Amino acid sequence: IEEDDSGELWIGTPGGVSVMTGDDFHDFNKDLITAVDFGSIVNDRFGRMWIGTPSDGLFMFEQGELTHWSTDSELGTSKISSIAIDSHDRIWLGTPSGIVRYDDASFQLFDADDGMISSSINTIMADSQGLIWIGTDRGVTRYDGHTFTAFSSSTLSATPIRSIMEDREGSIWIATDGKGLLKHVHSAFLNYGLEDGLSGDM
């Protein structure tokens, strides 16, 4: 779910995008956008709505105009799992083939050959320090603008990552698939699981 500059809510669903105006819903370009994954709608500071899809590539809606990139363009993929925007207004896309950066001029792909722990991306988060956190099917990688750092703790090793967020104190929280919840603070990871009161190991 993402709110645009006019206060409308954009909701990604398995059936496409719904836009809520007041108490009313309407479909947005249902003929083109047939499905949207969680975490794949983002509003940038210029008022543009970015929409990533699991099979139809990337869309950008700006002032009534819709732009589309897919495997037929330089994007090179039609499958997008997540979208993030960094402090330099660059768009980061999670795909099964790596992470794609778009700077309003061109797309650049980074994958395991560049230092990431895996090329299969589940989620992306740009934090307040300008770091890009990348959740993959095999753990977490962080990008500082120059280098990819793959974390290799026993908890994160070969662990699928579901989502990543930053709290108001700047701590990074990582939801895993099967190994609970992790908190990254002061270069260390704290692990929370069933024994700590979590209702499940996620």
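This is a predicted model: local features need pLDDT of at least 70, side-chain atom pairs count only at pLDDT 80 or more; totals for chains, interfaces and linings use all residues.
Colleague: Is W133 buried or exposed?
Modeller: The cut-off for buried is under 20% relative accessible area. W133 counts as buried because its relative accessibility is 1%. So the word for W133 is buried.

Colleague: Which side chain makes a polar contact with the side chain of W133?
Modeller: Leaving out residues up to four places away in sequence, W133 touches several residues, including T123, V140, F151, I164, H184 and D127. One of these contacts is also a polar contact between side chains, at 2.9 Å. The partner of W133 there is D127.

Colleague: What distance separates the C-alpha atoms of W133 and F148?
Modeller: Good one to check on your screen. W133 and F148 are 15 residues apart along the chain. Their C-alpha atoms are separated by 9.7 Å.

Colleague: Moving on to D167, which side chain of opposite charge is nearest to D167?
Modeller: D167 sits in the loop between β17 (161-166) and β18 (172-176). D167 is buried and has no salt bridge. A salt bridge needs a distance within 4 Å, whereas the nearest side chain of opposite charge is 5.1 Å away, and that is K183.

Colleague: With which side chain does the side chain of D167 make a polar contact?
Modeller: D167 has no salt bridge, but its side chain does make a polar contact, at 2.9 Å. The partner side chain belongs to W173.

Colleague: Now the nonpolar core: which strands each supply at least two residues of the largest one?
Modeller: That core has 13 residues, and W50, L58, W69, L75, I83, L93 and F107 touch the most other members. The strands that each supply at least two residues of this core are β7 (58-62), β10 (91-95) and β11 (98-102).

Colleague: What is the angle between the planes of W50 and Y102?
Modeller: The structure holds 15 aromatic pairs. W50 and Y102 form one that is edge-to-face, with 5.9 Å centre to centre. This pair links distant parts of the chain, with W50 in β6 and Y102 in β11, 52 residues apart. The angle between their planes is 65°.

Colleague: Which residues form one aromatic cluster with W50 and Y102?
Modeller: W50 and Y102 are both buried. Beyond its neighbours within four places in sequence, W50 is in contact with residues including L58, I83, Y102 and W69. The aromatic cluster that holds W50 and Y102 also has W69 and F107.

Key. Residues are numbered from 1 along each chain as its sequence is written. Side-chain values use heavy atoms; hydrogens and water are left out. A nonpolar core is a set of buried Ala, Val, Leu, Ile, Met, Phe, Trp, Tyr and Cys residues joined through side-chain atoms within 4.5 Å. Buried means under 20% relative accessible area, exposed over 50%, partly exposed in between (1.4 Å probe, protein chains only). Helices (H or I, at least four residues) and strands (E, at least two) are DSSP runs, numbered from the N terminus. Contact means heavy atoms within 4.5 Å. Lys and Arg count as positive and Asp and Glu as negative; His and the chain ends are not counted. A polar contact is a pair of N or O atoms within 3.5 Å; within protein, one must be able to donate a hydrogen and the other to accept it, and residues adjacent in sequence count only if both atoms are side-chain atoms. Rings of Phe, Tyr and Trp (its six-membered ring) pair if their centres lie within 6.5 Å; planes under 30 degrees apart count as stacked, over 60 as edge-to-face and the rest as tilted.
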